[in-house]
Amino acid sequence: MTIRTLFATRFYEDDLGDAALLDELADACLDLARQDRAGVAWSKAHGYRGYTSYASLNDLPSRDPRFADLVRLLNKHVARFADACAFDLGGRRLKLDSLWVNVLKPGGNHSGHIHPHSAVSGTIYVATPPGAGALKLEDPRLPMMMAAPMRRADAGEDHATFVYAEPKPGSVFLWESWLRHEVVPNAAKGERISISFNYR
């Protein structure tokens with residue numbers, strides 16, 4: 001008997017590797033949460049518990065050198081992930097398309113979604129107080145499983161319907177942008193700070 005594993009879904013985890021920059025990014029994110037009136041208004045209007053610059057600022061790397069330094073590091077991580085995914089880029093590299101800040105208050109979450117018009121998406125975690133929660137990743141076959149029975153609990157994450165990736169400060173998570181994911185509720189007493197991004 002031969003059983004092969006087909007159509008594997010790649011998920012990248014690494015550490016940013018720059019503690020000093022991580023501290024600077026924490027300050028930068030909290031500064032934005034205080035000063036970006038449009039982002040605060042958008043977050044309130046859309047029921048986002050906390051602050052996101054997603055709909056207000058699209059120039060963070062040119063606006064603030066701390067984000068430019070981050071992008072230089074992210075470019076290397078994304079290039080490694082693209083290689084692991086065997087992307088044929090014709091000698092080119094994936095390029096940053098968007099980058100935004102998330103300051104999630106206790107109780108805040110972000111429901112399941114994908115990132116259209118991108119190839120690789122990801123998040124760098126700046127502050128993850130105890131209980132801040134995991135990134136929940138959904139098996140992309142889920143809508144097509146129809147009458148499939150539940151999987152055994154001991155089957156491991158290769159057979160799980162959902163996988164939970166637990167971040168720590170400095171964690172870099174990358175995935176292909178079609179992979180549905182969500183941010184589970186922040187059960188910590190403090191704010192969870194992250195920076196999300198898309199490459200295309």
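**View 1. Asp-27 sits in helix H1, which covers residues 19-35.** What you see here and in the other views is a predicted model. How exposed is Asp-27? Its relative accessibility is 46%, so it counts as partly exposed.

**View 2. Helix H4 takes in residues 65-84.** With 20 residues at 1.5 Å a residue, H4 should span 28 Å, and its end C-alpha atoms are 29 Å apart, so the two agree. Which residues of H4 are buried? Look for Phe-67, Ala-68, Leu-70, Val-71 and Leu-74, then carry on to His-77, Val-78, Phe-81 and Ala-82. A handy thing to keep in mind is that an α-helix has 3.6 residues a turn, so residues three or four places apart point the same way. Just past the end of H4, Ala-86 takes a positive phi of about 60°.

**View 3. Phe-7 lies in the segment before strand E1 (11-15).** Phe-7 isn't a glycine, yet its phi is positive, at about 55°. Is Phe-7 buried or exposed? With a relative accessible area of 78%, Phe-7 is exposed, because the cut-off for that is over 50%.

**View 4. Met-146 is in the loop between strands E6 (135-138) and E7 (162-165).** Here's another residue with a positive phi: Met-146 has one of about 45°, although it is not a glycine. At 77% relative accessibility, Met-146 counts as exposed.

Note on methods. Residues are numbered from 1 along each chain as its sequence is written. This is a predicted model: local features need pLDDT of at least 70, side-chain atom pairs count only at pLDDT 80 or more; totals for chains, interfaces and linings use all residues. Side-chain values use heavy atoms; hydrogens and water are left out. Helices (H or I, at least four residues) and strands (E, at least two) are DSSP runs, numbered from the N terminus. Buried means under 20% relative accessible area, exposed over 50%, partly exposed in between (1.4 Å probe, protein chains only). The expected span of a helix is 1.5 Å times one less than its number of residues.
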